[in-house]
Amino acid sequence: MLDFKEPKPLGNIQKVLVANRGEIAVRCIKACRELGVRSVAVYTDADTTSLHVVQADEAIPLRGEGTYTDISDAILDVCRSTGADAVFPGYGFLSENVAFADAVAAAGIVFIGPSSASIHAMGLKHKARSIAEAVNVPVIPGTSLVSSTSEAIEGAKRIGFPIMVKATGGGGGMGLHICYDEQDIPNAFATVESRARALFKNSGVFLEKYYQCSRHIEVQVFGNGAQVVAFGERECSLQRRHQKVIEECPSPFLEQNPGLREKMLQAAVSYASQLQYKSAGTVEFLVDDETADFFFLEMNTRLQVEHGVTEMCYQVDLVHLMLYQADYERGGQSGIPSDKLRGFQQAHPHGSAIEARVYAEIPLLDFVPSPGLLQYVSWPQGDGVRVDTWVKCGQKITPLYDPLIAKIMVHSPDGRADAQRKMVAVLAKTALQGTPTNLQFLSQVFQSEHFSQGNTLTNFLVSFQVEVCAIQILSPGVFTTVQDYPGRTTVGHGVPPGGPMDDLSSRAANILVGNDPKVEFLEITMTGPELKFHESAIVAVCGAQVPVTVDDVERPMWSRIIVERGQTLKIGSVFGDGLRAYLAVKGGFPEIPLYLGSKSTAPELVLGGLQGRKLQANDILALSPESGAWAAGATPFSLPPGVIPDYSVSQIYCLNGPFGSEDILTSEGMEMITSSRWTVSHNSSRSGVRLEGPRLKWARTVGGGGGSHPSNVFDYGYPNGGINWTGEYPVIFSRDRPDLGGFACPVTICSAEMWKVGQLKAGHTFGLQLVTFEDALEISRKNEGYLKSLAALVGGEETDVTPPGSTTFGPQKTASTLQTTPSFGDHPRVTYRQGGDTAIIVEYGEQVADMRNTVCVKMLKEKLVARGLVGVRCEPNIATLTVHYDPFQIHQSELLRDLTKLDESIEKIVGIKVPVRELSLPLCVDHPTVKEATERYMESMRPTAAYLPDNVEYLRKNNALGSRREVLDSLVKTPWLTVAVGFFVGTPVMFPLDPKYVFTGQKYNPNRVYTPSGSVGLGGSLLAIYPVTAPGGYQLMGRTLGTWDTMGTRPGFSPSRPWLFKHFDIVRFHEVSKEEFDQVEHDFEAGRYAFDISDRVLSMDEHIAKFDAAARDPAHQEWRRRQIAAAKEMAELEQRLFGEWVKAKAAEVSSQKEGGSDAAPADALTVESPMNANVWKVLVKVGDVLEKKQTVAILEAMKMEVKVVASDAQAGAVVTKIARTPGSIVSPGTPIVVCKKAT
């Protein structure tokens, strides 16, 4: 006897290929494992991260994005290459494909399912009816095939309306149309015939009577070719568009009608027996709710989606049975012995089971599918709970396939009511955050009176109305994201802090609606969204001036606004000063998932927020369940105008440092920073506000070990608000910034002034002024006092409120360096640099590569961590330790004393042995994507540079080497020490442990906007692996695997540590071919790659001695002299080429200005730029006639796409000139298109 609790392994089948995807593929792989059989998964590119791919013993990619119905030949090829001797087709796709079943059999492989003859007989619905009639199984009144509209009308009259027009080759509701009268038939016939021809390659059409008050009940059968048994029934009446949504076993209708079950089961067995049926199948019946008459619908010759509820009530494993049946066939027998098969039958179901299909769809929008990212997935567990799914956290739901996410099943031995209760509880505990699902809809159906009473007719869901407590995004605005305060400020490791660009206005909005200031809100850049409220809510809009309307009625900003259910809130475009506004909603957005402790969105890195991106049309933001009640008890309130901040930012306060010292920057250079007016570039974004202004005068000509440009320094942890000079271009690091790098920050914005930075728009000019550390703290106190006063005012207290920026400070002459400790013995010099008002950068040595510096950094880090100071965290690098702190928990002077004492406690730097991990990584040098990145840079950024067109060749010349191979040998012939983990998303920064391979190279100037994930590049004397596709500036040499997994589900990662590397990891690269690398990368993407990581002990003495020996070696020193000379020569070449490029760019801009007057003829109309931007696309040509609201051009500014549309007055005008072509820089009022009204 077969035992499903302790199953017996198969004896004949050795390996099963699963020719399907999704949850059924996962289900089959699990069954194979339980029966001791190896499994092979196949998958398309869209399914790379599906659970079935990682759970199978082998996984073979099917290249391209095609469907699983088009790959029958490919599947047979995979069977041959893997040795699979059986194919499991599941349901859908190839499961009922006669040609495929025949091809499998012809190849000597077992098809796990019925015979192709049974599939063929049931594939034509009109023939299936004939078989039913032959064995006296009742059929719905209908016709044979009809070939014309007139024949269909004649048949319909004979049957009586309403009728269904059905495709004989269709199934699952596809190719079906209901007609209520004669007038409906012509369109229905044409539609069904056309769809049948396209979908099923068979245009046959027939008619059946349509029963409006009916149920869909099916019987599960299983045969061995001689004997057929039935495993009860399932009721599948709850359907939407003829697609099943909820199924249950047993049928509540059959439970209420004694004797009906026996009749239907006998009819199903008789029908399947006529086919000499083998394996699993389902006979479907339509049951008249009024008379209890039942009629044959069709037979599905495969496993059904809803098979699980039968398994739970009849204590049978249908997939096991299918595998056993196939195993007997493989062994030359007809199937499972009949006595064994009969032994599985039960006269009655054990308890009740219910299944709910969870879909990625939007009930609010008529259940339209919602492909997208599932950011967080959590399924409840417990007795009688089963979830069949294929998704995990981070799964992308593709638009290519059915949007089914999972089947939730519950079972209760105590009957239907208890199973219903259990289902409601399970749905409530299920968490699916990210792309919308039907979870709320399902829960409401299960809690409805109709379901409780078993009144679940096929038309029930047609009129069922789901109640939604949410906001619908009608129009998203230009760049609207979910943010919270303060963001991820303590995560580090290259995870941006995130949070609001203006943390004053955003917190004020939360205060107005009664939220904690840290609750999530919407950050609106330039132009706001249009939002429909499906539940009443309390809202507030603060920040730069924007028009706010509710159902087209103007409402004030900086106010508590009540939006009623069904109303539309519209936020327009910013006018006047400032760039961003903030929308707070009472209760926030509870279904936005936390990511590393915050709900903030980092769109450039696809992290956090709603699917890691800006909002899109038809996004749904769930509100708090209490939202309506809160709104009902609220009253409007407005702040007085005098308390609103001034957004006309003319001056921003900053602190000297960390690299404003005169060894890096001349006093004249510092004077330039503080006396110049700086203009905000249109290339700004949330990661950094780029500035245009004078070139600085540096105190040196090169960056030493940091690189060839004087702004280069050894990599260090960037301070919050640092103004970073990337070559000649300054950028204020803002919320989504990198956290380390090798460019100097001469000054740092005071943390309490960063709200001003968040309101800087392209083209705005402002000045910078130095203040003291105590001044910076006072500005912070005043900002916090402002918010506290606002809260008191909103709470009904009478209080004075002083807007931020009302007090002036400085200017002050301050030092960049807080303290310096000279070197002694082996201990290097220590420089304590000021990193704004929230960081101290502890720098060891003289900006040259020395392993002693690195050892000191590690020892100081360990001592500082052991101290456990509140509000303090640190970021180590090759020669620096950046210590971030909260100045209101520990003062700068106190922290400086602590750091000095900890450094003094570091004894001799000898005998240091460090437990480390060693990672072996595959490396493909000169990978084609590296060349592609360089070519893209040359085409879009800068065509000539010392490092172009070949980065490796540049490194050869820059380091006085004889061949390209010598450059590449540096990667594979020495271990690399990870001295830092950060920059963006866990980038490892590494240094070679052999002085022979300490090469140097400058960084791209300006940076690349595209670097492939896994790229290996050199900047200064440090190597980095780019974890994800991102901007970058290191010289590219090859590719390895990406070292970041956003959701932390792959081997080597975790949800709390999505980065691979740790400080002091050792990396050894081993070279592989492109073909080998591509396969390894595919395995990594699929979650099937396990990193080769081992533990070892690193002796620092050994490596320090190696560097000391090299310093005494004449041959090595001779090469170093040649290396320095070569680097100087290349730096001079780069300065010349850079200067030529800058002049060429300036000449190009000048020619655009001179190439045609902006003055248009008197009778002309001009479509003008609304802002400082770059013209990305012009969508019209000369001769085109403009339409009202037509998009004429798309501008690119601050990482946003801005549409320029034709006004009402320009509608009907003919384009006469394209005044600005793509790539042109424009400012407000610049004509882009000139047109003339037709006469």
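In the predicted model, strands β46 and β47 are connected by a hairpin of three residues. Strand β46 covers residues 872-876, and β47 covers residues 880-885. The two strands run antiparallel and are joined by five bridges. Within this pairing, C874 lies opposite V883 of β47. Four of the five residues of β46 are buried, so this strand is largely enclosed by the rest of the structure. In a regular strand, side chains alternate between the two faces of the sheet.

Salt bridges were examined next. Side chains of opposite charge can pair when their charged atoms come close. The structure holds 72 salt bridges, one of which is formed by D663 and R833, with 3.5 Å between the closest N and O atoms. This pair links distant parts of the chain, its two residues being 170 residues apart. D663 is located in the loop between β34 (651-656) and α19 (667-675), whereas R833 belongs to strand β44, residues 830-834. D663 has a relative accessible area of 40% and is partly exposed. R833 has a relative accessible area of 2%; because this value is under the 20% cut-off, R833 is classed as buried.

A further salt bridge is made by the side chains of R867 and D898, at an N to O distance of 3.0 Å. R867 is partly exposed, its relative accessible area being 41%. For D898 the relative accessibility is 13%, and this residue therefore counts as buried.

In the salt bridge between D1045 and R1050, the side chains meet at 3.1 Å, N to O. The relative accessibility of D1045 is 5%, so D1045 counts as buried. R1050, at 14% relative accessibility, likewise counts as buried.

Note on methods:
Residues numbered from 1 in each chain as written. Predicted model: local features only at pLDDT ≥ 70, side-chain atom pairs only at ≥ 80, totals over all residues. Heavy atoms only, no water. Buried < 20%, exposed > 50% of the residue type's maximum accessible area, 1.4 Å probe, protein only. Pairing = 2+ DSSP bridges. Salt bridge = Lys/Arg side-chain N within 4 Å of Asp/Glu carboxyl O.
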